[in-house]
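Please keep the model in view while reading.

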Amino acid sequence: MMTLAGMFGVTKAGISQFLKRQKAQDGSTNSQRTGRPRVTDRNDDRNILKTSRTNPRLTAPAIRREVFLNSPAPPSVSTVKRRLNAAGIMGRRPVKKPLISEKNRVARVKWAKEHLNWTRQDWNKIL
């Protein structure tokens, strides 16, 4: 145990506890999880993320409605939010940018044409 502890950089007691745990589980790694079981499985989580990435403007309630349309017991909206947060998708929606109005577009072209032939000295007076 001392050599194992030295190899892995843990205490002798840590190695002893690990070996006891392995012996109690008969070497299997599928031990029962503690706490409340998850409502969603891997496929549900993947579908939540896929729906969010397909249409990033969808809110969590809209994603819930779309993914769990025919589900008899859909998860809560907060569960959907937690799955998105775990994947690094925070509770923000991309904002639609306003298009440049025709009036602003004409003014920008006019300004660019007026300043087309300016020299470096002309720009140095401003900047």
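Thr51 touches Leu58, Ile63, Glu66 and Val67, with residues up to four places away in sequence not counted; contact means heavy atoms within 4.5 Å. The model is a predicted one, in which local features need pLDDT of at least 70 and side-chain atom pairs count only at pLDDT 80 or more, while totals for chains, interfaces and linings use all residues. Residues are numbered from 1 along each chain as its sequence is written, and side-chain values use heavy atoms, with hydrogens and water left out.

Thr51 lies in helix H3 (residues 42-54), helices being DSSP runs of H or I with at least four residues, numbered from the N terminus. Its relative accessible area is 12%, so Thr51 is buried (under 20%; exposed is over 50%, and partly exposed in between, with a 1.4 Å probe and protein chains only).

H3 and helix H4 (60-67) are among the elements that cover the buried residues of helix H5. In H5 (residues 77-86), the buried residues are Thr79, Val80, Arg83 and Leu84. They line one face of the helix, because their directions seen down the axis of H5 fall within an arc of 140°, taken from the helix axis to the C-beta atoms. In an α-helix there are 3.6 residues a turn, so residues three or four places apart point the same way. Just after H5, Gly88 adopts a positive phi of about 90°.

Met7, by contrast, belongs to helix H1 (residues 2-8) and counts as exposed because its relative accessibility is 62%.

Terms used: Helices (H or I, at least four residues) and strands (E, at least two) are DSSP runs, numbered from the N terminus.
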